[in-house]
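Please look at the sequence and the 3D structure before reading on.

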Amino acid sequence: MATSQLAASSVTASARNLASLQGLRLSTVKFSSFGTLKPGALTSRSFKRLVVKAATVVAPKYTSVKPLGDRVLVKIKETEEKTEGGILLPTTAQSKPQGGEVVAVGEGKTIGNTKLESSVKTGAQVIYSKYAGTEVEFNGANHLLLKEDDIVGLLETDDIKDLEPLNDRVFIKVLEAEEKTAGGLLLTEASKEKPSIGTVIAVGPGTLDEEGNLKPLSVSPGNTVLYSKYAGNDFKGNDGSNYIALRASDVMAVLY
């Protein structure tokens, strides 16, 4: 039987309940700390604590996945293995990708008596929330099965500043953090206060009411806004500027 590649959501098991692993119908199991182990090679003396990371692997006989409802299947963009200067990055330093290509969409969702098709189409390049969805591996590639609402926006270029938000998302260029204290002392990166003010760059089309009617957002591009401090997804543009994409409900005020 095929090798099981362990990746996404974590399950923690102690040495006392190793017996629960014996029911896995696998010929080989891979652990990052131990390499490749054959069934029966695991004993309570081998370790005190084991963290098993399990991923959904679609059997080779299945060649496609059809999302249901308002779910979308995204082929995950490969992780950058080198810096712009050509330096190889260790696995621990490689940032988790938040983008990919839509390869399949569900039939949509129903709100009230209104049937709505998905607002994203096959082939679209999208950015999604960092911890959204379920990872699925098939045809030798990693995919993410997630709800359409977890997609932040469309991005057809390599620069996040060109993001086109979807639904109720607001895309903001973050105000630069203060470099000095009032007394003139330089602040380290760790001690800088995280800003929660920025300029709206783009907004999604809006939210849907209970009858499926579109309600535009109350903020517009160019507005300076105050937003919830720990909301949204942070991004860095090619020019070094910081951006954040969050829901309109996380915007607390417009500043004049």
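Y243 is buried, because its relative accessibility is 5% and buried means under 20% relative accessible area, with a 1.4 Å probe and protein chains only. The model is predicted: local features need pLDDT of at least 70, side-chain atom pairs count only at pLDDT 80 or more, and totals for chains, interfaces and linings use all residues. Residues are numbered from 1 along each chain as its sequence is written, and side-chain values use heavy atoms, leaving out hydrogens and water.

The structure holds one aromatic pair. F171 and Y243 form this pair, which is stacked, at 5.2 Å centre to centre and 10° between the planes. Rings of Phe, Tyr and Trp (its six-membered ring) pair if their centres lie within 6.5 Å, and planes under 30 degrees apart count as stacked. F171 lies in strand β15 (residues 169–174) and Y243 in strand β21, 72 residues apart. F171 is also buried, as its relative accessible area is 0%.

## Strand β15 and its neighbours

Strands here are DSSP runs (E, at least two residues), numbered from the N terminus. Of the six residues of β15, five are buried. β15 runs antiparallel to β21, and five bridges join them; two strands pair if DSSP finds at least two bridges between them. I172 has I244 in β21 as its bridge partner.

Five bridges also join β15 to strand β16 (residues 197–203), again antiparallel. There, K173 is bridged to T199.

S241 sits in the loop between β20 (233–236) and β21 (242–247). S241 counts as buried because its relative accessibility is 16%. Leaving aside residues up to four places away in sequence, S241 touches K173, F235 and K236, where contact means heavy atoms within 4.5 Å.

How values were computed
Helix = DSSP H or I, 4+ residues; strand = E, 2+ residues; numbered from the N terminus. Buried < 20%, exposed > 50% of the residue type's maximum accessible area, 1.4 Å probe, protein only. Phe/Tyr/Trp six-rings, centres within 6.5 Å; stacked < 30°, edge-to-face > 60°.
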